[in-house]
Amino acid sequence: NISGCMNACGHHHVGTIGILGVDKKGEEFYQISIGGHAGHAGQTASIGAIIGPSVSRDEVPDVIGRILDTYVALRAPGETFLAT
(Lines give C-alpha, C1' and ligand atoms only; values in the text may rest on other atoms or scores of the structure.)
Protein backbone atom coordinates (compact mmCIF):
# COMPACT_ATOMS: atom_id res chain seq x y z
CA ASN A 1 0.00 0.00 0.00
CA ILE A 2 1.25 3.47 -0.78
CA SER A 3 0.20 6.86 0.55
CA GLY A 4 1.48 10.39 0.57
CA CYS A 5 -0.48 11.45 3.63
CA MET A 6 0.98 10.84 7.08
CA ASN A 7 -1.86 12.51 8.97
CA ALA A 8 -5.08 10.86 7.83
CA CYS A 9 -4.38 8.09 5.32
CA GLY A 10 -3.56 4.80 7.02
CA HIS A 11 -3.11 2.68 3.92
CA HIS A 12 0.67 2.51 4.20
CA HIS A 13 0.52 1.75 7.95
CA VAL A 14 -1.56 -1.41 7.51
CA GLY A 15 0.08 -2.61 4.30
CA THR A 16 2.01 -5.87 4.26
CA ILE A 17 4.58 -3.67 2.56
CA GLY A 18 3.81 0.00 3.17
CA ILE A 19 5.30 2.94 1.29
CA LEU A 20 4.85 6.50 2.58
CA GLY A 21 5.91 9.44 0.44
CA VAL A 22 7.73 12.06 2.50
CA ASP A 23 9.26 15.44 1.74
CA LYS A 24 12.81 16.07 2.97
CA LYS A 25 13.77 19.68 2.39
CA GLY A 26 11.85 19.79 -0.89
CA GLU A 27 13.04 16.38 -2.12
CA GLU A 28 10.90 13.29 -2.61
CA PHE A 29 11.69 10.27 -0.40
CA TYR A 30 9.83 7.14 0.68
CA GLN A 31 9.60 5.43 4.06
CA ILE A 32 9.16 1.64 3.83
CA SER A 33 7.41 -0.48 6.46
CA ILE A 34 6.62 -4.18 6.58
CA GLY A 35 4.27 -6.38 8.55
CA GLY A 36 1.09 -4.32 8.62
CA HIS A 37 -2.32 -5.93 8.37
CA ALA A 38 -5.76 -4.40 7.82
CA GLY A 39 -7.50 -6.88 10.12
CA HIS A 40 -9.97 -8.87 8.09
CA ALA A 41 -11.36 -12.42 8.38
CA GLY A 42 -11.30 -12.35 12.18
CA GLN A 43 -7.69 -11.15 12.43
CA THR A 44 -6.54 -8.16 14.45
CA ALA A 45 -5.23 -5.14 12.56
CA SER A 46 -1.58 -4.22 13.04
CA ILE A 47 0.72 -1.38 12.01
CA GLY A 48 3.84 -2.25 10.05
CA ALA A 49 7.36 -1.64 11.34
CA ILE A 50 9.53 0.98 9.63
CA ILE A 51 12.59 -0.86 8.34
CA GLY A 52 15.09 1.98 8.11
CA PRO A 53 15.61 5.54 6.93
CA SER A 54 13.59 6.81 3.97
CA VAL A 55 14.98 6.21 0.49
CA SER A 56 14.91 8.10 -2.79
CA ARG A 57 12.36 7.31 -5.49
CA ASP A 58 15.03 5.56 -7.55
CA GLU A 59 15.89 3.22 -4.64
CA VAL A 60 12.32 2.03 -3.94
CA PRO A 61 12.25 -0.79 -6.54
CA ASP A 62 15.56 -2.20 -5.25
CA VAL A 63 14.40 -2.06 -1.62
CA ILE A 64 11.13 -3.84 -2.48
CA GLY A 65 13.09 -6.38 -4.52
CA ARG A 66 15.39 -7.12 -1.57
CA ILE A 67 12.40 -7.52 0.76
CA LEU A 68 10.77 -10.00 -1.64
CA ASP A 69 14.05 -11.89 -2.23
CA THR A 70 14.48 -12.22 1.55
CA TYR A 71 10.92 -13.50 1.93
CA VAL A 72 11.42 -16.13 -0.79
CA ALA A 73 14.74 -17.23 0.75
CA LEU A 74 13.41 -17.54 4.32
CA ARG A 75 9.83 -18.81 3.91
CA ALA A 76 8.74 -22.34 4.54
CA PRO A 77 6.67 -23.98 1.78
CA GLY A 78 3.24 -22.33 1.69
CA GLU A 79 4.14 -19.74 4.35
CA THR A 80 2.68 -16.27 3.88
CA PHE A 81 4.72 -13.08 3.83
CA LEU A 82 3.38 -11.99 7.22
CA ALA A 83 4.08 -15.37 8.81
CA THR A 84 7.66 -15.32 7.54
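Leaving aside neighbours within four places in sequence, Val22 is in contact (heavy atoms within 4.5 Å) with Glu27, Glu28, Phe29, Tyr30 and Ser54. This is a predicted model: local features need pLDDT of at least 70, side-chain atom pairs count only at pLDDT 80 or more, and totals for chains, interfaces and linings use all residues. Residues are numbered from 1 along each chain as its sequence is written, and side-chain values use heavy atoms, with hydrogens and water left out.

**Val22**
- Val22 sits in strand β2; strands are DSSP runs of E with at least two residues, helices runs of H or I with at least four, numbered from the N terminus.
- Ser54 lies 32 residues from Val22 in sequence, and their C-alpha atoms are 8.0 Å apart.

**Largest pocket**
- A pocket is an open set of points on a 1 Å grid over the protein atoms alone, where a 1.4 Å probe fits, with protein on both sides within 12 Å along at least five of seven lines; lining residues have an atom within 4 Å of a point.
- The lining is Ile34, Gly35, Ile67, Thr70, Tyr71, Leu74, Phe81, Leu82 and Thr84.
- α1 supplies the largest share of this lining, four residues.
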